[in-house]
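Please work through the exercises below with the sequence and the structure at hand. Each task is followed by a solution in steps.

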Amino acid sequence: MTVHEETGEREFKREMLAALPNLRAFAISLIRSRDKADDLVQETIMKAWANQGSYRPGTNMRAWLTTILRNEFYSQVRKAGREVEDVDGVYTSRLSVPSEQNGALDMQDFKKALALLPDDQREAILLVGASGFAYEEAAQICGCPVGTIKSRVNRARLRLQELLGITSETEFGPDARETGITVSTGTR
Amino acid sequence: MSIFNPDSESPEALAEPQINDASRLFISRKLKELYDTVHEEGIPDRFLDLLEKLDEVERKSGAADSK
């Protein structure tokens, strides 16, 4: 093995490690079961390692790994025949009605709302809104046109807004001011 | 319209209703929070061990190949 190859390998591993937290956050948010998400991340690492020849160092490691993870996820879903996991009781438990006090909306409610989105919409809003991919990158990862991703993200936002009951200005709570909202009713 | 910015969607580009900026900000803040909680955990040992193993296997096979 040449010195150059050795360096390339270290670099590959380093890039991979740097991308892992974000990849794992995507997996956990996408499928909600942490165990399954971590299994998926593990398989992604092994697949990526076996295929490292097809990765050009210094290009987009996060996008590359996310594409592998996504493909792996959907091939598993297809094999399993679309069984729906309800690990945290997210589907069966109803969303709690956002409380009046400061529009307090905890993370549990947000997760539940996210879980209620169709897979393609959840995936799109996670990639763009949380993983930090550009629409173009998300489109490449999902193998669909940019317009489709934009539309899915938009529909996801609308649905979340609806599910979380944040249509009313008064439900934004104390942070509403920074967003430029004027609380018009006298509830505060 | 003029400069292409992947992070901004002009309402006319999408023939669908748009949510208001405040909702959008609220949702994006929650999404970040969701990821942050995972990021704070760091990389679990199982992945560090796995990478170590993969690395080791490769080093060994590399050394064997070059003989």
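The exercises that follow concern cysteines, aromatic rings and charges in a predicted model.

**Exercise 1.** Determine how many disulfides there are over all chains, and examine A:Cys142.

*Solution.*
1. A disulfide requires two cysteine sulfur atoms within 2.5 Å.
2. The cysteine sulfur closest to that of A:Cys142 belongs to A:Cys144, at 5.1 Å, and is therefore too far for a bond.
3. The count over all chains is 0 disulfides.
4. As for accessibility, A:Cys142 is buried, with a relative accessible area of 10%, and A:Cys144 is buried at 16%.

**Exercise 2.** Classify the ring pair of A:Phe12 and A:Trp49 and locate both residues in chain A.

*Solution.*
1. The structure has 5 aromatic pairs over all chains.
2. In the pair of A:Phe12 and A:Trp49, the ring centres are 5.7 Å apart and the planes stand at 70 degrees.
3. Planes over 60 degrees apart count as edge-to-face, so this pair of A:Phe12 and A:Trp49 is edge-to-face.
4. A:Phe12 lies in helix α1 (residues 3-31) and A:Trp49 in helix α2 (residues 34-50), 37 residues apart, so that the pair links distant parts of the chain.
5. A:Phe12 is buried at 5% relative accessibility, and A:Trp49 is buried with a relative accessible area of 5%.
6. Ring pairs join A:Phe12, A:Trp49, A:Tyr55 and A:Trp64 into a cluster.

**Exercise 3.** Over which ring does the charged end of A:Arg62 sit, and over which that of A:Lys150?

*Solution.*
1. The charged end of A:Arg62 sits over the ring of A:Phe133, 4.5 Å from the ring centre.
2. For A:Lys150, the ring is that of A:Tyr135, with its centre 5.5 Å from the charged end.

Note on methods:
Residues numbered from 1 in each chain as written. Chains lettered and ligands numbered in written order. Predicted model: local features only at pLDDT ≥ 70, side-chain atom pairs only at ≥ 80, totals over all residues. Heavy atoms only, no water. Buried < 20%, exposed > 50% of the residue type's maximum accessible area, 1.4 Å probe, protein only. Phe/Tyr/Trp six-rings, centres within 6.5 Å; stacked < 30°, edge-to-face > 60°. Helix = DSSP H or I, 4+ residues; strand = E, 2+ residues; numbered from the N terminus. Lys NZ or Arg CZ within 6 Å of the ring centre and 35° of its normal.
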